[in-house]
Amino acid sequence: MTEPLHIAVLDDYQGIADTVDWSPIPRPVQLTSFKEHIAPGSALAESLSGFEVVVAMRERTPIDASLLAQLPALKLLITTGPFNAAIDVAAAHQLGITVSGTGGAITPTVEHTWALILGLQRHLVTEDRHIRNGGWQSTIGTDLAGATLGLVGVGRIGSRVAAIGKAFGMHVIAWSPNLTADRAAKAAVTRVDREDLFATADVVSVHMVLAEATRGLIGQAELAAMKPSAILVNTSRGGLIDEPALIEALRGNRIRGAALDVYQQEPLPPGHPLAALPNSLLTPHLGYVTEGVMKVFYRDIVEDIAAYCAGSPLRLLQA
């Protein structure tokens, strides 16, 4: 009898793994879907012990060399998406663990960015709550047409956010450490220096990759330079912004608001200061969580596992 393939899916908050057709995998599947986040440490190592395949849902759970060394049964590690900064791929390879990825899509994050911008500009959460409590109009919205959109990063996502900003009639400016005049021209944005972006933008939206060089990229000085009427939006990575500095800026109303989908610690701990601020709009890292993206993720996960079973792994990640 063929040995069952023990598969763990981490951070499956919506229980999607339980609805997937795993039948293309040529071995009997023993699936465990973890619907609650498991913090790094001994509990995580114990929970994953005995699994031959582990699926990481983007970067929700760090998988480092220490954890991998405690998982002798692990042979295939899959990340949703084509890369994952939270996985020590080199350590996995040293232990003989195959690391595969999946396809993905950037358009849902672009759409969610604008959902956050519009939600904050038009006070949608406040007005929804107000009308449910028997009230009526209580806020005044802020126009996008004629306002300045400042993009920190204009790569694949930032350039699409820029195009939508232009459709709203916004003036779009951009800065990043490596932004050239040629790249700015291709994105049809005006390149400015760092100081000008934060001083003049009405909406600052962050679209950068998190690395040691970009950690804390937006700190006290940048927040202090922003207009009191401006808002800050982050759908990239929480570590790009100095979170304590942002909290203080929001508490002091030094900026009008912040709309965040990402945080330094995820899930956001209960009682976190950001959750108590009336000028914050918070979502739980939903930028990529759409039906279309999940179909791509799980289609490719099943393909990756079937290919591994056949001895010809797919979509291999390099260290």
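Which residues of the largest nonpolar core touch the most other members? I looked this up first.

**Basis.** I am working from a predicted model, where local features need pLDDT of at least 70, side-chain atom pairs count only at pLDDT 80 or more, and totals for chains, interfaces and linings use all residues. Residues are numbered from 1 along each chain as its sequence is written, and side-chain values use heavy atoms, with hydrogens and water left out.

**Cores.** I took a nonpolar core as a set of buried Ala, Val, Leu, Ile, Met, Phe, Trp, Tyr and Cys residues joined through side-chain atoms within 4.5 Å. Buried is under 20% relative accessible area, exposed is over 50%, and partly exposed is in between (1.4 Å probe, protein chains only). The largest core has 29 residues, and Val-152, Leu-223, Leu-232 and Leu-246 touch the most other members. I found at least two residues of this core in each of strand 7 (171–175), helix 8 (194–200), strand 9 (203–206), helix 10 (243–251) and strand 11. Helix 10 gives the most, five residues. Helices (H or I, at least four residues) and strands (E, at least two) are DSSP runs, numbered from the N terminus. Apart from this core I noted another, of 24 residues, including Val-110, Trp-114, Ala-162 and Met-170.

**Leu-246.** Leaving out residues up to four places away in sequence, I listed Leu-223, Leu-232, Ile-241, Ile-255, Ala-258 and Leu-260 as touching Leu-246. Contact here is heavy atoms within 4.5 Å.

**Cavity.** On a 1 Å grid over the protein atoms alone, a cavity is a set of points where a 1.4 Å probe fits but cannot get out; lining residues have an atom within 4 Å of a point. Grid points are joined across faces, edges and corners, and a volume is the space filled by probe spheres set on the points. I counted one cavity of 30 Å³ or more. The largest cavity has a volume of about 40 Å³. Its lining consists of Asn-234, Gly-238, Ile-241, Glu-243, Leu-246, Leu-260, Val-262 and Tyr-263.

**Backbone.** I checked for exceptions, since most residues other than glycine have a negative phi, and most peptide bonds are trans. Asp-11, not a glycine, has a positive phi of about 55 degrees. Asp-11 sits in the loop between strand 1 (5–9) and strand 2 (29–33) and is buried at 1% relative accessibility. Arg-315 also has a positive phi, of about 50 degrees. Arg-315 is in the segment after helix 11 (291–309) and is partly exposed, at 32%. Glu-266 and Pro-267 are joined by a cis peptide bond with omega about -5 degrees. I placed Pro-267 in the loop between strand 11 (257–260) and strand 12 (280–282).

How values were computed. 1 Å grid on protein atoms, 1.4 Å probe; cavity = no way out; pocket = protein on both sides within 12 Å on 5 of 7 lines; lining within 4 Å.
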